[in-house]
Amino acid sequence: MDATSNEQPVSGDHEGLTPRQARRIRIVLASVLMGAMALVLVVRLASRTSVLVVGVYGAALVLCGIVIELSRNGRTRLGTWLLGVGLAAALAADWLLLP
């Protein structure tokens, strides 16, 4: 039995995304979600005009912009968490606060 047979081979083959790919994916994801939030804002404003509607969805739009900037600067994990928690909070606020 060779003791080195259990070792993993050292190679450049690394599965997963490169940091550049991760940044681009998060930028595209945040951009798509920003467009979706803008569309939902327009639909909500057409059905009822309220400062709360503008506040909730305006905050979600700002959050998407912040995530895009964080991703451009290499803070992709922070941006991902912020995007997930922030949009969940916006949807919860829509469900709980808006009539």
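Aspartate 94 is placed in helix 3 (helices, H or I of at least four residues, are DSSP runs numbered from the N terminus). The model is predicted: local features need pLDDT of at least 70, side-chain atom pairs count only at pLDDT 80 or more, and totals for chains, interfaces and linings use all residues. Residues are numbered from 1 along each chain as its sequence is written, and side-chain values use heavy atoms, with hydrogens and water left out.

Aspartate 94 counts as buried, at 9% relative accessibility (buried is under 20% relative accessible area, exposed over 50%, partly exposed in between, with a 1.4 Å probe and protein chains only). Its side chain makes a polar contact with the side chain of arginine 44 at 2.5 Å. Another joins the side chains of aspartate 94 and tyrosine 57 at 2.6 Å. A polar contact is a pair of N or O atoms within 3.5 Å; within protein, one must be able to donate a hydrogen and the other to accept it, and residues adjacent in sequence count only if both atoms are side-chain atoms.

Tyr57 also belongs to the largest nonpolar core, which has 16 residues. Such a core is a set of buried Ala, Val, Leu, Ile, Met, Phe, Trp, Tyr and Cys residues joined through side-chain atoms within 4.5 Å. Tyr57, Leu83 and Leu87 have the most contacts inside this core (contact means heavy atoms within 4.5 Å). Helix 1 (19-47), helix 2 (51-72) and helix 3 (76-97) each supply at least two of its residues. Helix 2 gives the most, eight residues.

Tryptophan 95 also lies in helix 3. This residue is exposed, with a relative accessible area of 71%.
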